[in-house]
Amino acid sequence: MRLDRLSKAYSEAGQNRIVLNQVSQEFYEGEFVCLLGKSGSGKSTLLNLISGIDAPSSGHVFIQADGQEVDLTRLNEHKRTLFRRRHIGIIFQFFNLIPTLTVLENVRLPLDLTHSSESQREGQTRAEVLLEQVGLGERFNTYPDKLSGGEQQRVAIARALVHNPLMLLADEPTGNLDTEIGATVLSLLLEMIRGTGKLLLMATHAPEIANHADRLLYITDGALVNDAVQ
């Protein structure tokens with residue numbers, strides 16, 4: 001995946017506020033990259049642009065998918081949504097589980113939304129296997145409000161992986177967890193992405209998470225600055 005002169009600006013009180021300015025960067029399979037920067041620096045904005053949730057003011061997001069390089073920024077909103085559902089997994093700070101669905105139904109949701117050609121049974125099996133891997137094999141029929149924060153985040157990880165995405169984008173995924181549970185969730189997430197060679201791009205404020213990254217990228221004054229991890 002690569003970013004080419006990506007910019008995003010917003011209009012606030014009649015003023016043009018530049019959040020990202022001509023950002024260019026390349027990312028690689030199997031890499032864990034941390035996005036660092038103060039609150040409001042543009043970390044979440046960058047993740048939203050890469051996922052196609054938002055469109056940039058200018059520039060391009062190129063993602064290699066299905067044997068070709070796709071310019072995500074040239075797709076309309078509907079096509080970006082379909083691309084995201086097929087190729088990108090997202091893990092949010094607040095879990096974003098649907099309270100009226102069971103754990104298993106929450107994990108299956110990305111497959112249901114894509115109307116995958118896989119049989120219902122194959123999708124069910126994949127969701128069950130992932131829940132076993134995250135230690136929730138006995139909670140298939142439990143609803144999210146009966147789970148701890150750490151358990152809900154493990155469901156979110158399984159959901160993000162169920163459709164076998166090219167990359168995972170995580171926005172402060174341990175921000176609502178205590179230190180011990182957060183470390184457990186991070187360890188699980190790294191184990192799962194390292195084993196499949198997926199790119200993991202994570203926005204975080206936590207130095208203990210950044211210590212595990214292959215690369216650190218700082219967002220400051222609209223720029224994306226490299227800092228290689230030794």
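Predicted model: local features only at pLDDT ≥ 70, side-chain atom pairs only at ≥ 80, totals over all residues.
1. The expected span of a helix is taken as 1.5 Å times one less than its number of residues. With 13 residues at 1.5 Å a residue, H5 should span 18 Å, and its end C-alpha atoms lie 19 Å apart, which agrees.

2. Burial of H5. Eleven of the 13 residues of H5 are buried, so this helix is largely enclosed by the rest of the structure.

3. Arg-154. This residue is also found in helix H5. Arg-154 has a relative accessible area of 22% and counts as partly exposed, because buried means under 20%.

4. The largest pocket. Its volume is about 430 Å³. The lining comprises 16 residues, of which Arg-84, Arg-85, Ile-90, Phe-92 and Leu-113 are the closest to the centre. By class, nine of the lining residues are nonpolar, four are polar and three are charged.

5. Which elements each supply at least two residues of the pocket lining? They are helix H2 (77–87), strand S6 (88–91), helix H3 (103–114) and helix H5 (149–161). H5 is thus both a largely enclosed helix and a contributor to the lining of the largest pocket.

6. Strand S6. Are the faces of this strand covered or open? Both are covered: Ile-88 and Ile-90 are buried on one side, and Gly-89 and Ile-91 are buried on the other. In a regular strand the side chains alternate between the two faces of the sheet. S6 runs parallel to strand S7 (residues 167–171), and four bridges join the two. Within this pair, Gly-89 stands opposite Leu-168 in S7.

7. The four-stranded sheet. This sheet is open, with strand order S2-S1-S4-S5 and antiparallel pairing. Strand S2 (15–26) and strand S5 (68–71) are the edge strands, each pairing on one side only. From one strand to the next, the twist averages 30°.

8. The S4 and S5 pair. Strands of a sheet pair through backbone hydrogen bonds, either parallel or antiparallel. Strand S4 (residues 58–65) pairs with S5 in the antiparallel sense, over four bridges. Opposite Val-70 in S5 stands Ile-63.

Definitions and conventions
Residues numbered from 1 in each chain as written. Heavy atoms only, no water. 1 Å grid on protein atoms, 1.4 Å probe; cavity = no way out; pocket = protein on both sides within 12 Å on 5 of 7 lines; lining within 4 Å. Points joined across faces, edges and corners; volume = space filled by probe spheres on them. Nonpolar A, V, L, I, M, F, W, Y, C, P; charged D, E, K, R; others polar. Buried < 20%, exposed > 50% of the residue type's maximum accessible area, 1.4 Å probe, protein only. Pairing = 2+ DSSP bridges. Axes fitted to C-alpha atoms, helices over the stretch in contact; angles between N-to-C directions.
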